[in-house]
Amino acid sequence: MTRTVPPSSEPEAQTATAPKDVAPATALRTGTSDVRTLITRNLRQSGIYVAFVVIIALFAVLTGGTSLSPNNVTNIVLQYSYILILAIGMVIVIIAGHIDLSVGSVVALTGAVSAVLVIRHGMPWWVGVLAALAVGIAIGAWHGFWVAYVGIPAFIVTLAGMLLFRGLTLQVLDNISLSPFPPQYGRIASGFLNGLIGGNGYDAFTLLVGAIAVAGYAVSTWRTRTARIRYQQPVESFPLFVAKIVAVGAVVMAFAWQLAHARGLPIVLIILAVLIIAYGIITKRTVFGRQVYAIGGNLAAATLSGVKVRAVNFWIFVNMGFLAGVAGVVFSSRSNGAQPAAGNMFELDAIAAAFIGGAAVTGGVGTVVGAMVGGLIMAVMSNGMQLMGVDQSVQSVVKGLVLLLAVAFDVYNKRRAGAAR
Amino acid sequence: MDDHLLEMRSITKTFPGVKALEDVNLAVRRGEIHAICGENGAGKSTLMKVLSGVYPTGSYEGEIVYDGQPVRFNGIRDSEHVGIVIIHQELALVPYLSIAENIFLGNERRGRGGLIDWNKANAEAGRLLDEVGLTENPVTPVGQLGVGKQQLVEIAKALSKDVRLLILDEPTAALNDNDSAHLLDLLRRLRERGITCIMISHKLGEITAIADQVTVIRDGRTVETLSLHAGEVTQERIIRGMVGRDLQSFYPERQSRPGDEVLRVEDWTVWHPTQDRKVVEGASFTVRAGEVVGIAGLMGAGRTELAMSIFGRSYGRNVSGRLFVRGREVKARSVAEAIDIGIAYATEDRKHYGLNLIDDIRHNISAAALDKLASAGWVNDNEEIKVSEGYRRDMNIKAPSVTAVVGKLSGGNQQKVVLSKWLFTDPEVLILDEPTRGIDVGAKYEIYTIINRLVAAGKAVLVISSELPELLGICDRIYTLSAGRITGEMPVGQATQENLMELMTKEKELVA
């Protein structure tokens, strides 16, 4: 092998071929123990958590601690649960490289259908719930059909859907508000599990659930860690691992403690938690979830790897419709009725949550947990500013700037990563 | 002393890690058609980019003398200012704008008050179209014209800029025979008007038909400049210049033991997805187990199109022909079906079509056969790590772990990830499209070794390449492809670079 390198391809390709191997394999078996590597490697993710903590602390100081009071913590959960539910579906849509502008209208229509059946026709509450979910799924299938099989950009399809389903909401409601729902329906969003096992001035059941959640988290991360060690993959050092569990445990227990000292465990929080865990696993551990990332990361490569792109895109939108139906139920339950203007601008909050939570504008990147943190950042900010009596107009300005900065940060990060390549 | 319009002296251009041009000299006489030939990647396009200022002065070494003056170009505007216009292989026309709008794009004819005088522009465009022999109305949108006519619009656009040196990069690659002949006629007429022309082409028939001189470039160096007027310069003579380099022990040894036929393709025809022409026409070939078969073809010959249309019809329309795997006729109507049948295709463009660059090695390796790691839709990610770790070791992918992001690997290691991905689908036949493009010598050797291991294990491998030494070094049998048709087949023992190149440049009929 004495001869020199023949310029075997056009120079565009050659610029990328300069041998630039990452550190030798042996050095890495020991694991990434130092915090700095971990933080820089996950800057996109960890940056969000740091920002979240800073924002919570900031508003705790600005409001003199009110923002962290038991009642307010409960309120944040109740007020923003439906945005978080939408954000779960939205982040999946965004990872695949699409967008959904219609979810606000879909929330309104599903809530309206439920209200018409339950309030106007006196059907049982669960019929309303099932009907809302069915309508949501049908709308998702409608969007999925146009996006996946006809090939119209999701932006257009869902922009049309936004108008279409808002109009249908007005039709269904005959342009008037319907209320109130029977009390069982209202419990979905405003009910609490309280006093099931007693407690003195606090709800022991809430603390128990919190403790079970922490234990579950500890066990599952431990199992992941041991499996990774068994397969000789790099893991964080043991003290860091323990510190992470302790930190997560402390946050969850503090959260549960505050809830326990207010009204107990909100039912909607249970719904939300189940959805977050379920979709967290679906996106990371199922063939479907992995194909979503593949499509968003490189559509052509996914197609040439045999991914059935159309089917995956279709189900992404069906799923978004389903979650919009869930959000429609929760929102109509919370507002105890259906209004023609319900859900206005919800799509923008859900999209903002996904992007603040680290989803990439170009697709292929994002996590459910990130979107939840992004949504909570918006929630804590809005709530904190409301407590401080900040004018609505200023709130809007601040939220807009936060969204812009979050995405600018993402773009900056990517450019830096590209330069290092 | 010849009257030279252009002299490029000792041009050297380096990209990180690679010398693309080394001490290249080019002298073009005033009023001649000067052809440049060389294999793919020899450096022709790079040289033209240096000349037109795409690579500005200072990014290369050497000197450019134009019209007796040393010149320094810092961008395409500078070179156009002195009358050098380059027409690229991919035409730079806006399909929704009219012919006249395209011709004067960026060079608009302003009337009073800075507004565009469309009557004047259309009239002028009409005059330019006459010159290039187009009868279309200047207000016709360019998208409604065929590729051949679009090419002429490009030339009209060049004429509108008062071109003195016209550079055409593979002007006839996408044209049918009629359009090609028409274009060559036009070039002759332009020469009579005193316009100097540089033409990059693979089609030796065209070159000998119209060029005055030809400069041969090989591996980033000028080999020779031949005058075509003396009469003794034949196509064979040019081919010798293009390929004349030594084969060394650059390819690992292998015992050839072909077994049963694995893949047979019969009468395969593919149409261009949007244009009205056949990209592949009546191609038939076979690959046997334990055999490496090469397809030699120049850029634009239809190599990738042939492979991709076989691989689940992922290219083209009206795909017809029959496909047999292990003697049984099969239909591969989608990529998923093709993978099931046992066909794998590793693309020539791994960044755009092969890999998800923002994801890690593990997920890229499993992407085409995720079902093998899953039960009821749930991915066993521990198993996935085990599998991908196995490939990382076997293939010697240099990365800290399988969770390393693929976009940060070197080209050679990326290619190993692509190969791992396809090996994990457990294919019967592997189609490798330019498997060593853009990777360094050491990694090439490793890729060849992997190919040898595969055929030793009884797989059938089809290699598409425009690097003839590579094909001669690793194949058992070679087909040549030219203009979408198989023009020859020979065992590697009978093949030489010269006879392959002759078949690769064989045209349906010689141009008028």
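Axes are lines fitted to C-alpha atoms, for helices over the stretch in contact. The structure shown in the views below is a predicted model.

View 1. The crossing of H4(A) past H11(A) is left-handed.

**View 2. Residues of H4(A) and H11(A) form the contact between the two helices.** H4(A) contributes Val77(A), Leu78(A), Ser81(A), Leu84(A), Ile85(A), Ile88(A) and Ile92(A). From H11(A) come Val268(A), Leu269(A), Leu272(A), Leu275(A), Ile276(A), Tyr279(A) and Thr283(A). Of the residues in this contact, 12 are nonpolar, 2 are polar and none is charged.

**View 3. Four strands of chain B form an open sheet.** The strands follow the order E12-E11-E14-E15, and their pairing is antiparallel. Strand E12 (278-288) and strand E15 (328-330) of chain B each have a single partner strand, so one side of each has no neighbour in the sheet. On average, neighbouring strands of this sheet are turned by 15 degrees against each other, direction ignored.

**View 4. Strands E11 and E14 of chain B run antiparallel and are joined by 6 bridges.** Strand E11 spans residues 261-271 and strand E14 spans residues 317-325. Arg264(B) stands opposite Phe324(B), a residue of E14(B). In general, strands of a sheet pair through backbone hydrogen bonds, either parallel or antiparallel.

Notes. Residues are numbered from 1 along each chain as its sequence is written. Chains are lettered from A and ligands numbered from 1 in the order in which they are written. This is a predicted model: local features need pLDDT of at least 70, side-chain atom pairs count only at pLDDT 80 or more; totals for chains, interfaces and linings use all residues. A crossing is left-handed if the near helix is turned anticlockwise from the far one by less than a right angle, and right-handed if clockwise. Two residues are in contact if their C-beta atoms, placed from the backbone, lie within 7 Å. Ala, Val, Leu, Ile, Met, Phe, Trp, Tyr, Cys and Pro count as nonpolar, Asp, Glu, Lys and Arg as charged, and the others, Gly among them, as polar. Two strands pair if DSSP finds at least two bridges between them. Axes are lines fitted to C-alpha atoms, for helices over the stretch in contact, and angles run from 0 to 180 degrees between N-to-C directions.
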